[in-house]
Structure formats: structure tokens, C-alpha cells
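Hi everyone, thanks for coming. Let's look at this one together, starting with the backbone and ending at the ligand.

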Amino acid sequence: MATQQGAITRATFDEVILPIFAPAEFIPVKGKGSRVWDQQGKEYVDFAGGIAVTALGHCHPALVEALKTQGETLWHISNVFTNEPALRLARKLIDATFAERVVFMNSGTEANETAFKLARYYASTRHSPNKTKIIAFHNAFHGRSLFTVTVGGQPKYSDGFGPKPADIVHVPYNDLHAVKAVMDDHTCAVVVEPIQGEGGVTAATPEFLQGLRDLCDEHNALLVFDEVQCGMGRSGDLFAYMHYGVTPDILTSAKALGGGFPVSAMLTTQEIASVFHPGSHGSTYGGNPLACAVAGVAFDIINTPEVLNGVNEKRELFVKHLQDINAKYDLFSEIRGMGLLIGAELKPQYKGRARDFLYASADEGLMVLNAGPDVMRFAPSLIIEENDIEEGMLRFAKAVAKVINA
Ligand SMILES: *Cc1c(COP(=O)(O)O)cnc(C)c1O
């Protein structure tokens with residue numbers, strides 16, 4: 001039976017939506033900067049950023065303006081035609097990175113799907129049809145289509161959907177010896193997150209990424225960086241590969257790219273892109289003018305020294321607060337990650353309880369994330385204000401005390 005018309009509550013969710021999510025009990029209705037309000041008017045500090053998406057906070061005036069202006073101009077035209085906002089955004093991405101060609105999609109999954117299909121296609125076109133092996137890593141996350149979820153490789157996400165795409169192997173992250181053991185001339189690509197997000201906020205070591213680059217060069221394989229979560233300023237550089245000084249052949253971006261408007265991109269070189277031709281791949285919405293107009297403005301704001309340098313200053317403040325909380329409550333065994341992608345691993349006695357801290361935080365008026373059952377994750381707006389950080393941390397400390405003393 002339907003809920004009474006007009007009364008939209010959390011109970012409505014269970015009546016109308018597939019049970020693939022377990023959303024919080026409250027329903028956010030409004031956001032401004034790093035604060036969010038729910039149906040009852042309760043206010044939250046946002047340390048979650050819509051899972052590393054709202055990099056400029058909620059309703060940033062410049063993004064609102066871009067959306068309004070484009071919304072009164074041209075929404076959608078399909079890829080039967082091209083459009084100015086997409087071409088402008090592609091030019092910006094190319095000017096700022098290693099890339100020479102860009103394609104737009106709508107989600108991280110689709111950008112990765114494009115990347116993996118391109119890597120296979122490139123290998124079979126330029127080398128051999130047997131060059132199909134993809135090497136990926138334990139605890140990786142690359143999306144939810146059957147190909148990307150298989151490359152991600154976590155059984156909890158991929159089991160039950162078989163038969164899975166073949167010739168994908170997984171080895172431990174940050175373990176170059178393990179990669180060497182499976183690397184061969186049949187390998188078409190190595191796929192890696194420079195900072196694993198969902199898998200627990202773990203940054204690659206510089207030697208690991210450089211080693212992958214060398215192995216790929218040695219075996220004519222493509223190095224694919226999934227920067228869906230760690231890119232677009234989150235690491236303190238525009239893309240995390242810039243921090244490491246290791247250049248991939250293919251890079252994917254999404255999440256923060258549109259600041260909350262769904263859009264993703266796959267970046268590569270002219271040589272690799274050139275194996276594709278009209279019809280090789282496609283998308284109805286990819287590169288939609290609305291999405292690209294918003295992303296273009298988000299890009300111009302994020303790719304400035306003020307914002308990028310601010311990321312590392314804000315990180316210091318976050319880490320200092322987390323250390324203070326840790327000194328008082330002895331909660332974390334490690335605080336890690338890079339820039340404003342921060343992971344705090346729970347000590348053995350609190351293992352498996354990340355969600356308890358998350359729910360307690362929501363009660364106190366704070367949105368935080370977990371990354372698996374043992375790691376608290378913070379992925380706030382890149383321009384979150386100091387007073388929001390202070391207030392959010394006060395609330396987090398209260399939540400921690402409640403969980404520990406319960
Ligand atoms: C979120 C994420 C994806 C999937 O992006 P969607 O937009 O949810 O499809 C892929 N890779 C990484 C590293 C991610 O964090």
C-alpha cells in the first residue's frame with residue numbers, strides 16, 4: 001500500500017526503492033556550503049561531501065549560476081551533435097593534464113567501463129587478440145557494472161552475477177612482487193586507484209606506482225589510474241598522479257568533477273584513443289551540455305592554487321583534531337590518506353564498528369563516512385570553512401564519547 005500522498009518519510013523508501021541501499025533515518029532537504037538540513041530542520045555539518053562529490057560544498061553560487069544559465073540555454077542535444085560546454089571542458093582537462101583526448105560519460109562506473117574496454121580494444125588492435133589480461137588489486141573499487149565490479153573484484157559486490165568477464169586477476173595492493181609474479185606479455189592493462197577509497201583509504205607508495213609504470217612499459221600494457229575518488233583536487237594536487245610524478249596511459253575522473261552534477265571523464269593519449277572509431281563505444285547523455293557547463297565552472301575553481309593549497313591546510317586541521325580525539329579516547333590505530341581524503345582506522349577493540357560511530361555522529365548533527373567496517377572516512381568539501389571543521393569535530397568527539405561509554 002502506498003503512503004499517504006504528500007507525506008514523504010523514510011518509510012516511503014522501503015515502499016518504493018529497490019533494497020540496495022540502507023539510507024539514514026533522516027531525509028536531507030537543503031544544503032549550503034558545508035551544512036545540511038533535514039526535514040525536521042535539524043542541521044548537520046557535512047564531512048562526507050556526498051561521498052567525495054560536493055567538492056565545492058552545497059549550492060556553490062558559481063555552480064548554481066552555471067546550472068541556471070545553461071538550463072535556460074540548452075540542456076541536451078545527444079552525441080549526434082557536439083556542444084560548446086563539452087568542448088570547453090575537454091580543452092581545460094587536456095591543458096591541465098597529460099591527456100590529449102577526453103570522452104565524457106555520466107558516472108565513475110561508465111568512465112571505467114570505457115577505460116577497460118579501450119584497454120582491451122587497444123591491445124587486440126595494436127598487439128594481439130590474446131592480450132586480454134587485466135591486473136587489479138585486492139580491496140579495489142571501480143564501479144558496479146559487471147565488467148567494473150569484476151575488475152574491482154570484491155566478492156561481496158560481484159558474487160551472484162556470473163558468468164563474469166574473464167581474464168582478470170587480483171593481487172595485494174602496494175605489493176610490486178605480487179604484480180611481477182602475474183605480469184606477462186598477455187597483460188593489456190594494470191588498473192589501480194592511486195589512493196584506494198572504498199577499500200579503506202590507503203595511498204599507494206611512490207615505488208609501487210613507479211614500479212607499475214615500469215612493468216607496463218616492459219610488457220606493452222596500459223597503466224590505468226582510477227581517480228574517480230582521489231582526483232579533482234582531493235589529494236591536494238589536481239590529480240593524484242601529479243603528486244606521485246607517475247603518468248598513466250588512461251585516467252578516469254568522476255565524483256568531484258561535476259561538484260554534484262553527474263558527469264565523468266576518461267582521459268588518454270591521442271595514440272591510444274585512435275584505435276576507437278565512431279560506433280566503438282557511446283553514451284546518450286555523455287558530455288551533456290548541462291553537466292559540462294557545471295563541471296567547467298567547478299574545474300576553474302578547483303584548479304587554482306588557493307583551493308589546492310587550501311586542501312593541505314585543511315587536512316592538517318582535520319588530522320590535528322582527530323589526533324586530539326585519539327589522545328582522549330584511544331580510538332584509532334592510524335590516521336592516513338592524502339589531502340581531504342582522510343581515513344582513520346579503528347583500533348582492534350572497535351573493529352567492525354565504523355557504522356556505530358557514523359550513526360552516533362548523525363545523531364549529534366554530523367555526516368561522516370566509513371570505508372569498510374574498520375575505517376572512518378572523511379571527504380568534505382575542498383573549501384570547507386575552519387568554523388565548520390571546528391564545529392564538526394566537536395560533534396564527532398561527542399559521538400565518539402557516546403559510543404565508547406555506551
Ligand atoms: C565511486 C567510485 C567509482 C564508481 O563511481 P560511480 O559514479 O558510483 O559509478 C569507481 N571508482 C572509484 C575509485 C570510486 O570511488
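Pro-163 sits in the loop between helix H7 (155-158) and strand E6 (168-171); helices here are DSSP runs of H or I with at least four residues, strands are E runs with at least two, and both are numbered from the N terminus. The peptide bond joining Gly-162 to Pro-163 is cis, with omega at about -5°. Cys-59 belongs to the loop between helix H2 (49-52) and H3. As background, most residues other than glycine have a negative phi, and most peptide bonds are trans.

A word on what you're seeing: this is a predicted model, where local features need pLDDT of at least 70, side-chain atom pairs count only at pLDDT 80 or more, and totals for chains, interfaces and linings use all residues. Residues are numbered from 1 along each chain as its sequence is written, and side-chain values use heavy atoms, with hydrogens and water left out.

Now, helix packing. Helix H3 (residues 61-71) packs against helix H12 (residues 289-302) at about 150°, with the axes 9 Å apart; axes are lines fitted to C-alpha atoms over the stretch in contact, and angles run from 0 to 180 degrees between N-to-C directions. H3 and H12 are therefore roughly antiparallel, a label for angles over 145 degrees, while roughly parallel is for those under 35. For helix H13 (residues 305-329) and helix H15 (residues 386-405), the angle is about 25° and the axes are 10 Å apart. That makes H13 roughly parallel to H15.

On to the ligand. Which residues are around the ligand? Among them are Ser-107, Thr-109, Asn-112, His-142, Glu-193 and Lys-255, where being near takes a heavy atom within 4 Å. Helix H5 (residues 108-126) gives the largest share of this shell, 3 residues. By class, the shell has 2 nonpolar, 7 polar and 3 charged residues; Ala, Val, Leu, Ile, Met, Phe, Trp, Tyr, Cys and Pro count as nonpolar, Asp, Glu, Lys and Arg as charged, and the others, Gly among them, as polar.

There are polar contacts too, meaning N or O pairs within 3.5 Å. A side-chain N or O atom of Asp-226 is 2.7 Å from a ligand nitrogen, and a polar backbone atom of Gly-108 is 2.8 Å from a ligand oxygen. The protein covers 83% of the 380 Å² of accessible area that the ligand has on its own, by the Shrake-Rupley method with a 1.4 Å probe.

Technical notes
A polar contact is a pair of N or O atoms within 3.5 Å; within protein, one must be able to donate a hydrogen and the other to accept it, and residues adjacent in sequence count only if both atoms are side-chain atoms. Angles under 35 degrees count as roughly parallel, over 145 as roughly antiparallel, 65 to 115 as roughly perpendicular and the rest as oblique.
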